[in-house]
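Here is a short briefing on one model. Look at the sequence and the structure first, then read the points by topic.

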Amino acid sequence: MSNLKKADWSGLSVMKIPFAEISVISQRYTLGDVIFDTSKESFDLDGGIQFDCSLSRKSDVRVQLQGRMQARVRLVCDRCLQDFSVDLDTSVWMIFEVTETGKWPDGEIDLKPEDLDVVMLTEPVIDLVEAARQQVYMELPMQHICHKSCKGLCPQCGVNRNHTACSCEEIASDNPFAVLAALKR
Ligand SMILES: [Zn+2]
Ligand SMILES: [Zn+2]
């Protein structure tokens, strides 16, 4: 742990590890309470991310990461637009590979399943905070729904149907076309 460059800028976590500091034998890095700026993300962090990983160098241009990430993220429900929390707890498996362009070389567009978690880099430096951020995105549910039974907002008057019953609802369900439309969704 002594060779880690850890800076703390206004509470944000920075953890960058050059390939040259990573040995062939796997080394363990335990990051507690990783926080990053989520102002441009589709989620917010509810507390810091716990990121426990082992790095091992496979070649001059290739490093493997294996570990576990735990995070509590806040999302906005697609139906009722209220915030809710999701607990993520996942194993992480990534390969970091350096290429000149930071992209897949031409002619290697056939992705194998094991290549899906390959992160292409232009510089031989692993940003573990960025890796944690990418892993959060991989684990986010496709649909952001606060609860399976969330009734959402009334499309007519806009009330949150989880908290308030409105009279529009009856009119809609009496209409056979509305029922048909709901079935087709
Ligand atoms: Zn909801
Ligand atoms: Zn209504």
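Two strands pair if DSSP finds at least two bridges between them. Helices (H or I, at least four residues) and strands (E, at least two) are DSSP runs, numbered from the N terminus. By that rule, strand β5 (residues 49-59) and β6 pair in the antiparallel sense over nine bridges.

This is a predicted model: local features need pLDDT of at least 70, side-chain atom pairs count only at pLDDT 80 or more, and totals for chains, interfaces and linings use all residues. Residues are numbered from 1 along each chain as its sequence is written, while chains are lettered from A and ligands numbered from 1 in the order in which they are written.

**Strands around β6**

- β5 and β6 form a hairpin, with two residues between them.
- Gln 50 has Gln 70 in β6 as its bridge partner.
- Strand β4 (residues 44-45) also pairs with strand β6 (residues 62-76), in the antiparallel sense over two bridges.
- There, Leu 45 has Val 73 in β6 as its bridge partner.
- β6 pairs with strand β7 (residues 83-98) in the antiparallel sense over 15 bridges.
- Val 76 has Asp 83 in β7 as its bridge partner.
- β6 and β7 form a hairpin with six residues between them, and Leu 81 in the turn has a positive phi of about 65 degrees.

**Ser 56**

- Ser 56 is found in strand β5.
- Ser 56 is partly exposed, with 15 other C-beta atoms within 10 Å. A residue is buried if 20 or more other C-beta atoms lie within 10 Å of its own, exposed if 12 or fewer, and partly exposed in between; C-beta atoms are placed from the backbone.
- Leaving aside neighbours within four places in sequence, Ser 56 is in contact (C-beta atoms, placed from the backbone, within 7 Å) with Val 24, Ile 25, Ser 26, Val 63 and Gln 64.

**Helix α1**

- α1 has 12 residues and reaches 16 Å from its first C-alpha to its last. That is close to the 16 Å expected at 1.5 Å a residue, where the expected span is 1.5 Å times one less than the number of residues.
- Seen down the axis of α1, its buried residues fall within an arc of 145 degrees, so they line one face of the helix. The arc is that of the directions from the helix axis to the C-beta atoms.

**Lys 151**

- Lys 151 lies in the loop between α1 (128-139) and α2 (168-174).
- Lys 151 is partly exposed, with 15 other C-beta atoms within 10 Å.
- The C-alpha atoms of Lys 151 and Cys 80 are separated by 7.3 Å, although the two are 71 residues apart along the chain.

Note on methods: Contact = placed C-beta atoms within 7 Å.
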